[in-house]
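User: I would like to go through this structure with you, beginning with the aromatic residues. Could you take my questions one at a time?

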Amino acid sequence: MNMNRPLLDTATRIADTIMQDNPGLIVTKWQYDVGLLLTGFWQLSEATGDSKYYDYLKTYYDYFILPDGTIRDYKFQEKNVDHLNCGKNLFPLYEKTGEERFLTAICHLGEQLEIQPRTQSGSFWHKQIYPDQIWLDGLYMAQPFYAAYAGYFQKEDCYEDILHQFCTAREKTYDPRSGLYTHACDESRTAFWADPLTGRSLNIWGRAVGWYSMALADTLDHIPANRTSMRAELISHLQELMAAVVRYQDPQGVWYQVPDSRRSDNYQESTCTCQFAYTLEKGIRMGYLDPDTFLPHLQKAVDGILQVFLRQDGERTCIGRGCAVAGLGPQDNPRRNGTLDYYFSEPIRDNDYKGVGPFLLLAVAYEG
């Protein structure tokens with residue numbers, strides 16, 4: 001390992017491992033976590049000068065974006081905001097290549113924004129199968145794309161809608177006991193996992209809060225400088241959120257699957273740790289977070305990722321202890337009920353893309 005750039009060196013070895021494990025086309029599914037991972041690959045290509053990482057991304061988008069700009073096997077009727085996340089890479093792909101199919105695909109995803117069902121408060125449903133539900137995950141999937149789309153096509157009226165959705169999520173998922181935000185809220189208060197009085201889910205899931213932190217940091221990239229009050233409100237929310245998050249950082253610098261629980265079967269979880277570290281680095285670098293307050297937490301998180309989660313298995317380099325998946329419902333899946341038992345029962349795996357993507361971006365920004 002290059003001790004002068006341990007994060008970047010680790011990032012290249014993890015990326016190489018993923019390409020070795022998935023040669024050619026990484027997967028034949030339009031998949032939100034792949035979109036995040038490949039954003040990291042693009043930045044890694046820029047930082048190292050090695051085009052293989054960009055080429056790997058391009059192979060994926062060449063498969064999915066057909067010559068007429070339609071997205072292979074895309075199902076609008078699912079009305080799933082997760083599907084918007086892969087669209088974030090289409091903006092720089094269009095700028096780099098000039099290929100009209102990428103711009104057309106952006107417009108198709110913009111059409112989904114128009115038809116996405118909304119809660120009574122005006123927020124996007126997370127998916128068609130999750131009626132009336134706001135998930136923190138969904139803020140990350142939809143809002144940075146929405147803000148980029150608004151800027152690209154000069155849809156000035158969209159900015160207030162974006163801010164409203166952040167403010168609504170903040171209000172409806174805030175948990176006063178922990179100072180953090182619950183995984184989701186059902187505005188109808190009828191879902192089996194929802195508190196009948198507040199609509200909130202029962203617990204704090206680390207990765208959901210991680211998605212939310214990244215959503216705030218990344219959406220700010222696309223809010224014009226002249227939108228001063230909107231920027232100030234989003235920055236204030238980010239500051240408030242991260243001040244709460246760092247209170248739950250453990251002595252080794254990482255965060256737990258359920259950050260505010262120390263039940264014996266809870267565990268140090270890598271995806272939320274990488275997401276929080278990414279947000280801390282970006283918040284400090286962009287001037288949103290006070291370095292005197294937050295830089296020690298970032299440095300501790302970087303050390304924790306390398307010491308707690310990094311694992312070498314022969315030639316394979318892995319970030320371990322990543323929760324494979326967690327969700328709430330739908331109605332025909334009562335196991336996903338938001339209890340601690342549920343969150344601690346989901347499988348754990350290596351090199352989960354939802355953690356590797358933020359790690360690659362963190363490594364490039366921190367050392368690139």
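Analyst: What follows is a discussion of aromatic contacts, a helix pair and some backbone features in a predicted model.

User: How many aromatic pairs are there in the whole structure?

Analyst: A search of the whole structure gives 25 aromatic pairs. One of them joins F91 and F145, whose rings are tilted, with 5.5 Å from centre to centre and 50 degrees between the planes.

User: Which parts does that pair tie together?

Analyst: F91 belongs to helix α4 (residues 90-97) and F145 to helix α6 (residues 136-152), so the pair links parts that are 54 residues apart in sequence.

User: Are F91 and F145 buried or exposed?

Analyst: F91 is buried, at a relative accessible area of 9%. F145 is also buried, with a relative accessibility of 0%.

User: Which residues form an aromatic cluster?

Analyst: One aromatic cluster is formed by W30, Y60, Y61, Y63 and F64.

User: What lies over the face of Y54, and what over that of Y256?

Analyst: K96 lies over the face of Y54, 4.8 Å from the ring centre. Over the face of Y256 lies R262, at 4.1 Å from the ring centre.

User: Turning to helices, how do α10 and α11 cross?

Analyst: The axes of α10 (residues 270-285) and α11 (residues 291-309) come within 9 Å and cross at roughly 145 degrees. The crossing of α10 past α11 is left-handed.

User: Which residues make the contact?

Analyst: From α10, the contact residues include T273, A277, L280 and I284. From α11, they include F294, L298, A301 and I305. By class, the contact has 11 nonpolar, 3 polar and 1 charged residues.

User: Back to α4 for a moment: is E95 buried or exposed?

Analyst: E95, which is found in helix α4, is exposed at 55% relative accessibility. E95 and F359 are 264 residues apart in sequence, and their C-alpha atoms are 25 Å apart in space.

User: Now the backbone. Where is the cis peptide bond?

Analyst: The peptide bond from G329 to P330 is cis, with omega near 10 degrees. P330 is located in the loop between β7 (322-323) and α12 (340-343).

User: What is the phi of K79, and what is that of D132?

Analyst: K79 is a residue other than glycine with a positive phi, near 45 degrees. K79 lies in the loop between α3 (52-64) and α4, and is partly exposed at 24% relative accessibility. D132, likewise not a glycine, has a positive phi of about 65 degrees. D132 sits in the loop between α5 (100-115) and β1 (133-135), and is partly exposed with a relative accessible area of 26%.

Conventions
Residues are numbered from 1 along each chain as its sequence is written. This is a predicted model: local features need pLDDT of at least 70, side-chain atom pairs count only at pLDDT 80 or more; totals for chains, interfaces and linings use all residues. Side-chain values use heavy atoms; hydrogens and water are left out. Rings of Phe, Tyr and Trp (its six-membered ring) pair if their centres lie within 6.5 Å; planes under 30 degrees apart count as stacked, over 60 as edge-to-face and the rest as tilted. Helices (H or I, at least four residues) and strands (E, at least two) are DSSP runs, numbered from the N terminus. Buried means under 20% relative accessible area, exposed over 50%, partly exposed in between (1.4 Å probe, protein chains only). A charge sits over a ring if NZ of Lys or CZ of Arg is within 6 Å of the ring centre and within 35 degrees of the ring normal. Axes are lines fitted to C-alpha atoms, for helices over the stretch in contact, and angles run from 0 to 180 degrees between N-to-C directions. A crossing is left-handed if the near helix is turned anticlockwise from the far one by less than a right angle, and right-handed if clockwise. Contact means heavy atoms within 4.5 Å. Ala, Val, Leu, Ile, Met, Phe, Trp, Tyr, Cys and Pro count as nonpolar, Asp, Glu, Lys and Arg as charged, and the others, Gly among them, as polar.
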